[in-house]
Amino acid sequence: MYPCIHINLDKIAENARVMKNLTEKHHIEITGVTKVFGGEERIAQTLVNQGIKRLGDSRIENIRNYGNLSCEKWLIRMPSISEAREVVQFCDVSVNSELETLKALNQQAIQLKKKHKVILMVDLGDLREGYFKEEHLAEAINYAKQAKGLDLYGLGTNLTCFSFVQSDEEKMNRLLGLAKKYDASVCISGGNSATIHLMLENGIPEGINNLRLGESVLFGRERTNYEYLPGTSNDAFIMEAEIIESKEKPSMPIGKIGADSYGHVPVFTDRGIRKRAICALGRQDVDVETMWPVDEGVEIIGASSDHLIVDVTDCEKEFKTGDRICFRLGYFAVMRAFTSKYVEKIYEKQEIEKEKNESLYKVS
């Protein structure tokens with residue numbers, strides 16, 4: 001069935017090993033972020049098998065799948081008050097930034113006779129989640145320390161996700177200083193894959209002991225400079241789509257051009273008559289902006305909800321209707337593909353991967 005996504009667990013495992021070895025040199029443990037693959041247990045188990053002892057997800061529905069996994073389970077999006085009971089039931093740890101939510105978690109933890117660990121988020125300037133004023137943070141810390149159902153696990157921060165403010169030594173030292181001041185230093189989570197670059201430059205102070213990593217573990221990519229890290233693979237996820245039309249057409253549309261679904265007016269360049277292929281794949285299934293053709297000469301022109309249009313004029317291979325085109329996927333493309341029920345998921349065995357190494361999986 002097409003479209004389908006090929007998942008290479010060997011490459012994911014190697015990426016996890018590389019990142020774990022790299023962070024351990026800086027005395028940092030990884031919380032492997034799993035939301036990108038929709039809580040698929042086989043991939044989560046692969047991360048755990050490589051020694052990643054913590055998994056984090058933004059959806060409780062995904063974390064429910066990890067009941068048999070030997071790891072600490074984090075909810076990395078602040079809980080809704082309405083889901084407080086499920087958070088305590090299925091998650092060992094949650095990140096928080098609201099006192100009322102802490103109270104709801106405490107109430108449910110007492111009823112369930114459990115202790116729920118909380119990490120309080122500090123907003124260091126990206127202006128997404130977290131306590132911005134220290135007095136509000138102090139109030140939450142005091143509550144978490146005396147709450148019978150809660151265990152203050154530590155502090156955390158998030159950067160480069162909303163305003164794309166980057167991590168730096170000053171921000172990390174501020175987080176560390178707050179953790180020490182309020183005796184909340186068990187787990188100090190310094191951010192995500194965008195903090196890897198700072199770590200490699202030895203800019204993370206000793207005491208920051210956790211990073212929540214998804215993109216770097218699964219794709220070998222740090223998010224500050226968007227560079228791939230040595231020893232990692234960037235093609236563990238390959239999308240395969242079938243061609244449903246192959247024709248020569250003008251490169252310049254004929255007629256008045258209006259706005260697209262996002263209110264933008266597209267701009268085209270007249271390149272003469274070009275050979276185009278349409279694949280049975282669209283924005284409902286994948287993020288077109290974060291996918292790249294495997295075959296040289298194939299160029300993505302655009303997409304609608306269920307059609308992907310590519311230019312194959314300069315490709316050495318003669319593509320025809322019924323043939324399939326492969327694409328290397330990035331973070332958001334994988335996230336959407338795993339969310340789509342229309343994309344089949346295929347786990348490649350090691351021997352199959354070796355046979356296809358020179359074709360399907362080789363990316364220059």
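This is a predicted model: local features need pLDDT of at least 70, side-chain atom pairs count only at pLDDT 80 or more; totals for chains, interfaces and linings use all residues.
Modeller: Residues are numbered from 1 along each chain as its sequence is written, and side-chain values use heavy atoms, with hydrogens and water left out.

Biologist: Okay, what makes the chain as compact as a globular protein of its length?

Modeller: First, the chain has 11 helices and 18 strands (DSSP runs numbered from the N terminus: helices are H or I with at least four residues, strands are E with at least two). Its radius of gyration, taken over C-alpha atoms, is 23 Å, close to the 21 Å that the globule rule gives for 364 residues, so the chain is as compact as a globular protein of that length. That rule is 2.2 Å times the number of residues to the power 0.38.

Biologist: Why is strand S2 called largely enclosed?

Modeller: Buried means under 20% relative accessible area, exposed over 50%, and partly exposed in between (1.4 Å probe, protein chains only). Four of the five residues of S2, residues 29-33, are buried, so the strand is largely enclosed by the rest of the structure.

Biologist: How do you know that S2 pairs with S9 and S3?

Modeller: Two strands pair if DSSP finds at least two bridges between them. S2 has four bridges to S9 (residues 210-213) and three to S3 (residues 54-57), so both pairs pass. Both pairings are parallel. Threonine 31 sits opposite arginine 212 in S9, and its bridge partner in S3 is arginine 54.

Biologist: Why does aspartate 285 count as having no salt bridge?

Modeller: A salt bridge needs a side-chain nitrogen of Lys or Arg within 4 Å of a carboxyl oxygen of Asp or Glu. For aspartate 285, which is buried, the nearest side chain of opposite charge is lysine 345, and that is 8.2 Å away. Aspartate 285 is in the loop between S13 (273-279) and S14 (291-293).

Biologist: And why is phenylalanine 164 partly exposed while aspartate 183 is exposed?

Modeller: Phenylalanine 164 has 49% relative accessibility, so it counts as partly exposed. Aspartate 183 has 62%, so it counts as exposed. Phenylalanine 164 has a positive phi of about 65 degrees although it is not a glycine, and phi of aspartate 183 is positive too, near 55 degrees.

Definitions and conventions:
Lys and Arg count as positive and Asp and Glu as negative; His and the chain ends are not counted.
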